[in-house]
Amino acid sequence: MLRRLRTLAVAALVGAGLLTVPAAPAQAAGSATLYPNDVQCTVAGGYQCRASIEWRTSTYGPETGAVQIRRRTLFSVYAQAGESILLGSSAMGTGDADITVWNPGVVTDTNALTLPAVTTGANGFRCAEQRTSSGSTTQGLIRTRAEEKAGPQALSGGGNPTGYQPCSYTAPVTGIYHVAFYGPAGAGTDGNLAPSGKIYDPTNTATLATPWTAPSTSTTNGGEASVAAWDITLRSGAASTTAINGRVFTYVFAGYMGGKYRTVDLPLYVTTHDGFRYRVRTRSMEPNGFVLYGNRDGFLDADGSPLHHDIVTAGAEQQQLKNLVGGVSLAPPEYPLSLEPLAAETLTALGVPTTPVAPDLTSVAFAGAAPAGAGYVTRGGTFTLTSTTAGTYELVVSRDGTSFDPGAPTNVALRGTATAGTTTVAWNGKDNAGNDFPVASSYTVRA
């Protein structure tokens, strides 16, 4: 069979594991979807806490020569021309907080290492500019837990009056837009953050239903680079109060808890390129800062092949994964993460099949590298794999025909990435320990 390694990687200031469990359906996309219940955040009580989304300049991963995962959450929104993108956050109106939208095609790096400046009306939209134009100090601001849960008011007609007053952008063309939420320190900060207001304070027994009296990401409370309450809602027009679901996703979810011993339970969906969808929960992990992202290869060995096991760090800055042992590296984010299953039109825009394509390794062949009349020992040869889909492979040549342990010194494990169709894999005839396979009439291979 073709081994399909699907990794949801966690780079965290405190390590954590993930389990796959069912998640409830969601409405729109925002912090209210992630945290639908009013709960206390107390260390002693073990209640669930909330993670802010981050927008920082620092990264996880080696500084040079490898993939770096920026500590920022860049959202993608598939919108059709004329639809309304409604936006709000608990940080708006404080410092340099803003919500920025880029038009389709403007952002080419979904890892958000560099982003072009936005000129409203030319290549995107800025909520701060709309607030200045309207003169409304509440526009785009989620002031209370009740407003967070209610979502945005209608742009016209008085619909959903208990919701927050959104910033709004009418999609000029059909395509994938990108959205960034900046905290009070703006887009270019990497400050040492303090706990972000009462909804994070483990000594505060107030529930999340209690309104916060100031933006929970205010500069006086800390959290300069994070946003606690945020919302992206897509609607058909100005009078609508009905959200268009399944259109919002991100490739990296960067979160910040504001301190240790605070558990978070995040439900996310992961969609792979061949159309499989996974429901994932963090199940009360206890990070401080963290990023979640999905890819096919997981971590990469020094030769660029899939590592197929955990990475190890050493030396300074272990928590940020700066010094990885053995020359290994992080594979880049490539799978969309969403708060709800992606809609069929979103999958089509991403080039993802709406019906999953199951992998099938249809044949494995071997051709020795020895010339006519010569022996094969020390020469190896080439394996040919034929598969229905792209994916990672692991091919194990067994010395005794019984053990297929890929880590056994006397076996050899060959790993890499297969394309749909035919993939060739070279083998030098040596085992995992670097010794030549001995003379034999045949060897058994498992792929």
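This is a predicted model: local features need pLDDT of at least 70, side-chain atom pairs count only at pLDDT 80 or more; totals for chains, interfaces and linings use all residues.
So, strand E24, residues 391–398, and E25 run antiparallel and are joined by 7 bridges. Strands here are DSSP runs of at least two residues, helices, H or I, are runs of at least four, and both are numbered from the N terminus. Two strands pair if DSSP finds at least two bridges between them.

Residues are numbered from 1 along each chain as its sequence is written, and side-chain values use heavy atoms, with hydrogens and water left out.

Back to that sheet. What is the order of its strands? It's E25-E24-E27, an open sheet of 3 strands with antiparallel pairing. The edges are strand E25 (412–418) and strand E27 (444–446), each pairing on one side only. On average, neighbouring strands in this sheet are turned by 20 degrees against each other, direction ignored. For that angle, axes are lines fitted to C-alpha atoms, for helices over the stretch in contact, and angles run from 0 to 180 degrees between N-to-C directions.

Next, another set of strands. Strand E22 (residues 361–368) pairs with strand E23 (residues 381–387) in the antiparallel sense, over 7 bridges. Gly368 has Gly381 as its bridge partner in E23. E23 also runs antiparallel to strand E26 (residues 421–427), again with 7 bridges, and there Leu385 has Thr423 in E26 as its partner.

Now the rings. How many aromatic pairs does a search of the whole structure find? It finds 13. Rings of Phe, Tyr and Trp (its six-membered ring) pair if their centres lie within 6.5 Å; planes under 30 degrees apart count as stacked, over 60 as edge-to-face, and the rest as tilted. Take Phe75 and Phe181: the ring centres are 5.9 Å apart and the planes sit at 85 degrees, so we call the pair edge-to-face. This one links distant parts of the chain, with Phe75 in strand E6 (residues 74–79) and Phe181 in strand E11 (residues 175–182), 106 residues apart. Both Phe75 and Phe181 are buried, and buried means under 20% relative accessible area, with exposed over 50% and partly exposed in between (1.4 Å probe, protein chains only).

There's also a cluster: ring pairs link Phe366, Phe383, Trp427, Phe437 and Tyr443. Arg399 lies over the face of Phe437, 4.7 Å from the ring centre. Elsewhere, Arg446 has its charged end over the ring of Phe404, 4.0 Å from the centre. The rule is that NZ of Lys or CZ of Arg is within 6 Å of the ring centre and within 35 degrees of the ring normal.

Last, the cysteines. The structure holds 1 disulfide, Cys127 to Cys167, with S to S at 1.9 Å; the cut-off is sulfur atoms within 2.5 Å. Cys127 is in helix H2 (residues 127–134) and Cys167 in strand E10 (residues 167–170), so the link ties together parts 40 residues apart in sequence. The link is right-handed, with 60 degrees about the S-S bond. Cys127 is buried, at 0% relative accessibility, and Cys167 is buried too, at 0%.

Ser168 is also found in strand E10, and it counts as buried at 19%. Leaving out residues up to four places away in sequence, Ser168 touches Ile85, Leu86, Phe125, Gln130 and Leu155, where contact means heavy atoms within 4.5 Å.
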